[in-house]
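Keep the picture beside you as you read.

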Amino acid sequence: DMAAGGGAYLDGLSELMGCEGVNEEIGALAQANYETLASNDATAFMTLYRLKGEMSMNEELVLACARL
């Protein structure tokens with residue numbers, strides 16, 4: 001999903017983070033940073049941690065995601 005910039009897994013993650021109306025933005029951010037987020041040595045926890053870090057630097061996502 002991250003490489004493609006969207007899909008059910010990213011939509012589910014967005015919902016769990018309490019994000020509203022920014023699924024496309026999250027997908028674009030994940031796609032643009034895919035190589036860094038999901039490097040070969042990254043565990044699932046590391047990937048999530050990195051994605052949340054990238055999201056927290058985006059003002060729109062900070063405002064739209066209640067549990068970021």
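At roughly what angle do the axes of helix α1 and helix α2 cross? They cross at roughly 120°, and the two axes come within 10 Å. Helix α1 covers residues 8-16 and helix α2 covers residues 23-32. Keep in mind that this is a predicted model.

**Where α1 meets α2**

The crossing of α1 past α2 is right-handed. On the α1 side, the residues that meet the partner helix are L10, D11 and S14, while α2 brings N23, I26, G27 and A30. Sorted by class, this contact has 3 nonpolar, 3 polar and 1 charged residues.

**The two sides of α2**

Which residues of α2 are buried? They are I26, G27, L29 and A30. These residues lie on the same side of α2 because they cover an arc of only 165° around the axis. The buried residues of α2 pack against α1, α3, α4 and α5.

One more residue to look up in helix α2 is E25. E25 is partly exposed, because its relative accessible area is 30%, and partly exposed means the range between under 20% (buried) and over 50% (exposed). If you leave aside neighbours within four places in sequence, E25 is in contact with E60 and L61.

Now find helix α4, residues 44-56. Its 13 residues reach 18 Å from the first C-alpha to the last, close to the 18 Å expected at 1.5 Å a residue.

**Where α2 meets α4**

Helices α2 and α4 pack at an angle of about 120°, and their axes are 11 Å apart. Here α2 passes α4 in a right-handed crossing. Which residues make the contact? From α2 come I26, L29 and A30, and from α4 come L51, E54 and M55. By class, this contact has 5 nonpolar, no polar and 1 charged residues.

**Sequence and space**

Residues can be compared along the chain and across space. Here are two pairs to locate in your view.

| Pair | Apart in sequence | C-alpha to C-alpha |
|---|---|---|
| E25 and M55 | 30 residues | 9.5 Å |
| A38 and G12 | 26 residues | 18 Å |

Where does A38 lie? A38 is in the loop between α3 and α4. A38 is partly exposed, because its relative accessible area is 25%. Apart from neighbours within four places in sequence, A38 is in contact with M2 and T47.

Conventions
Residues are numbered from 1 along each chain as its sequence is written. This is a predicted model: local features need pLDDT of at least 70, side-chain atom pairs count only at pLDDT 80 or more; totals for chains, interfaces and linings use all residues. Side-chain values use heavy atoms; hydrogens and water are left out. Axes are lines fitted to C-alpha atoms, for helices over the stretch in contact, and angles run from 0 to 180 degrees between N-to-C directions. Helices (H or I, at least four residues) and strands (E, at least two) are DSSP runs, numbered from the N terminus. A crossing is left-handed if the near helix is turned anticlockwise from the far one by less than a right angle, and right-handed if clockwise. Contact means heavy atoms within 4.5 Å. Ala, Val, Leu, Ile, Met, Phe, Trp, Tyr, Cys and Pro count as nonpolar, Asp, Glu, Lys and Arg as charged, and the others, Gly among them, as polar. The expected span of a helix is 1.5 Å times one less than its number of residues. Buried means under 20% relative accessible area, exposed over 50%, partly exposed in between (1.4 Å probe, protein chains only). The arc is that of the directions from the helix axis to the C-beta atoms.
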